[in-house]
Amino acid sequence: EVAMKDITQASLQGKNEVAVEFQTDDTGTATKEDALVEMTFYVPPDSSTYFAEEDKTSAKVFLDSVLEKADLVTSSDDVILSMPEVAVVVPRGRYECQLHMNFLKLVGQSQDFKIRYTNIMRVFVLPKVHQPQTLVVLSLDPPIRKGQTFYPHVLFQFHNDEETEVHLNLSEENLEKKNKQNGNGIPDRNFSGASSDVFAKVVRGLAGAKISRPQKFKNSSGEGHCVRCSYKSDDGYLFPLEKAFFYVQKPPILILFDDISSVEFARQSMSQYSAAAKTFDLVVKTNSDQEYLFRSIQKQEWQNMFTFIQERDLKIENLKQVQQSMNAAGGRAAAQAAVNLDDGGSEDDEDSDEDEDFKESEDESEDDDDSSDNDESGGDDDDDSDDDDDDSDSDSDEKPKKKKAKK
């Protein structure tokens, strides 16, 4: 036997199947026991128990019976706010979002989701960069489930220029009850403004969850609070928040700073390849030995990301290497700036003289290498060539003549 009160959700799966989900124990009991979490019923089209109607299949008739007996049917009077055709990125689709007294319901064409307010841990409002869209994320514990896929974060997407004005269908008694539970989260029944803000504030008032927004971090252009990057095969955004990194879109990943053991700036060495690269990678390692690789972050975001991570006292594994790369990049930038500011060209001449001296010394070094046994370097790299030049200069009384750079 299965108690109808234990059913949390029921939905059609195809034309002739009905999936029924049950309440799961999320308290983390010590005994690992098997538990029934889902059942799928096959209802024949010509069922003699649940007769098909003109606009309903036998499976739909069975579903309606289950919803009614499990007290999952809600009338329009129970809906505090309904927002039609809301774009949901994860799980993907367009849903009618119904906010009730104790739960939020997503009604889709083929799938419905019921989210209890007690399962909403936090609400994130994340504006995208270079796109007129804002994500409102509901972080859930326990997550909702579709088949074998779990969704700990539900991503709602709103256009920035989309504004709305709503009135909550809430009685004085229920309004007072909610404000007493959630600390005056609903000061008024009327809300107006950007759709993303209205939705987030209403959910906060009904669920009592806190709203988190990006604050201190700014990207290199100063126009956004995130950086573009890739995770595995997906392109998305990485938001450095006050207490966590949040990657969106698929899959959404929330990494709390308290769970991070170290971070690493990849592809930041002094090699010629790294110096010419236009992007870098960020590796985040957690205390549970899990590793996240966020790739192809634009190199101009490097300084801001490095400063932000240092201010949060996160351990950087290759800190010395990163600092050397930053110093080298700063030196190259300063040298280029000095060249650009010089109007007379004297510094250009001096730099050219040094280049000609290096070439002549290198040629002399190669000649010395042919007649001596000390040929370990062989001109393989610039540093070794300079060392050979110093040796040859100290052993010889004549110094190579400097050539004037050709203009």
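Two strands count as paired if DSSP finds at least two bridges between them, and strands (E, at least two residues) and helices (H or I, at least four) are DSSP runs numbered from the N terminus. The model is a predicted one, in which local features need pLDDT of at least 70 and side-chain atom pairs count only at pLDDT 80 or more, while totals for chains, interfaces and linings use all residues. Residues are numbered from 1 along each chain as its sequence is written, and side-chain values use heavy atoms, with hydrogens and water left out.

Take the open sheet to begin with. Its seven strands line up as β17-β16-β15-β14-β20-β19-β18, with antiparallel pairing. At the edges sit β17 (253–256) and β18 (260–266), each pairing on one side only. From one strand to the next, the twist averages 30 degrees. Between β18 and β19 (residues 279–286) there are six bridges, and the two run antiparallel; here Val263 stands opposite Val284 in β19. Helix α5 (residues 302–311) packs on this sheet, touching β14, β15, β16, β18, β19 and β20. Contact here means heavy atoms within 4.5 Å. The direction of α5 makes about 160 degrees with that of β18, where axes are lines fitted to C-alpha atoms, for helices over the stretch in contact, and angles run from 0 to 180 degrees between N-to-C directions.

Next come the cores. A nonpolar core is a set of buried Ala, Val, Leu, Ile, Met, Phe, Trp, Tyr and Cys residues joined through side-chain atoms within 4.5 Å; buried means under 20% relative accessible area, exposed over 50%, and partly exposed in between (1.4 Å probe, protein chains only). The largest core has 53 residues, and Leu99, Leu104, Ile120, Phe156 and Phe199 touch the most other members. Helix α3 (residues 195–207) supplies the largest share, seven residues. Leaving aside neighbours within four places in sequence, the contacts of Phe156 include Val86, Val88, Leu106, Val136 and Phe199. A second, separate core holds 26 residues, among them Leu238, Val263, Val284 and Ile309.

The peptide bond from Val90 to Pro91 is cis, with omega near -10 degrees, and Pro91 lies in the loop between β4 (81–90) and β5 (93–99). Another cis bond joins Lys250 and Pro251, with omega about -10 degrees; Pro251 belongs to the loop between β16 and β17. Though not a glycine, Glu85 has a positive phi of about 55 degrees. Glu85 sits in strand β4 and counts as exposed because its relative accessible area is 55%.
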